[in-house]
Amino acid sequence: MDRGVEEERERIPMSERPEWADIRPVPQDDGPNPVVPIAYTDEFSETMDYFRAVYLADERSPRALQLTKEAIFLNSGNYTVWQFRRLVLDSLNVDLHEELHFLDQITKDNSKNYQIWHHRRWVAEKLGTHIASKELEFTREIFSQDAKNYHAWSHRQWVLQALGGWENELAYCDELLEDDIFNNSAWNQRYFVVTRSPLLGGLEVMRDSEVAYTIKAILAKPENESPWRYLRGIYKNDVKSLVNDPRVASVCLDVLLDKRDCVHALSMVLDLLSHNYQPSNELKNAVDAVSPDPKPSDSNFAERVCSILQLVDPIRASYWRWRKSSIRAQD
């Protein structure tokens, strides 16, 4: 029975329900002198007292299953109740599609509850690949309320890997980023898809098109850190290709000419220089234009970039100072 239906009628205490007449409740034992006793409601205390009784007796019956539901509605974070519910579901051979329907209701009201998502994964794994599309659609519903819900993203990635459904996932990432280019969760999912999908061929195959996509996103919103991070990720374990791709230095130049104090562009330039990139005079001039008064102590261009970053990114000034000292130590 749905919780909403239960709330429409007055609750009958379990001690007055004929089907529970044979059960002796097991009260919670807090010891003789509890330090901070919790003021449980009568409904909660009674429900858990009966739950402890069936749990200790390992009773795997329809009434025990219903009791776990009532206990979950009162406290959806109780791991022991969820674990026992799984044992009962297994023993009774219940139609898990009904269980998934129950989870649909309770997840939407408790979308950041670890126990609920863990239980959902257990159910989905039991049901198999034919529910992959349903699970992916369900996470979409959650993202419509909270686009960065970690639990839903984790579940979605598990579904893709365990049950399938990769076919439209990159297009879904496009959709999310079109709605909000700052959605770092969508950028993370995009990288997950590009590197894990069995349909796309892997990062080597996708790199060229992904660089083009990312540069377009950078030029649209240079202050957005996510695509800059994504650009680095595309060249993971292949720094040489990052340095040798003329599009990377070019986008840094384009951004600095338009938005002179862009920390992300300057940081990327520094990364390139740290791997022996030889900057063009045009790029040097664009960087120097950010702060036209060079420091005499900056003996090379990379040190110069570090000094500028200390000015335009004061919250991380100590980090950029350390980067400069590292460069000098290598000279």
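Start by selecting helix α8 (residues 150-162) and helix α10 (residues 184-196): their axes come within 12 Å and cross at roughly 15°. That makes α8 roughly parallel to α10 (angles under 35 degrees count as roughly parallel). The axes here are lines fitted to C-alpha atoms over the stretch in contact, with angles running from 0 to 180 degrees between N-to-C directions. Helices are DSSP runs of H or I, at least four residues, numbered from the N terminus.

This is a predicted model, where local features need pLDDT of at least 70 and side-chain atom pairs count only at pLDDT 80 or more, while totals for chains, interfaces and linings use all residues. Residues are numbered from 1 along each chain as its sequence is written, and side-chain values use heavy atoms, leaving out hydrogens and water.

On α8, pick Trp153, Arg156, Gln157, Leu160 and Gln161; on α10, pick Ser185, Ala186, Asn188, Gln189, Phe192 and Arg196.

Next stop: α17, residues 301-312. From first C-alpha to last, α17 reaches 17 Å, close to the 16 Å expected at 1.5 Å a residue (that is, 1.5 Å times one less than the number of residues). Is α17 mostly covered or mostly open? Mostly covered: 10 of its 12 residues are buried, meaning under 20% relative accessible area with a 1.4 Å probe, protein chains only. Among them are Phe301, Glu303, Arg304 and Cys306.

Finish at α4, residues 79-92. Colour its buried residues, Val81, Trp82, Phe84, Arg85, Arg86, Val88 and Leu89. Which helices do they pack against? Select α2 (42-56), α3 (62-74), α5 (96-109) and α6 (114-127).

Definitions and conventions: Helices (H or I, at least four residues) and strands (E, at least two) are DSSP runs, numbered from the N terminus. Angles under 35 degrees count as roughly parallel, over 145 as roughly antiparallel, 65 to 115 as roughly perpendicular and the rest as oblique. Contact means heavy atoms within 4.5 Å. Buried means under 20% relative accessible area, exposed over 50%, partly exposed in between (1.4 Å probe, protein chains only).
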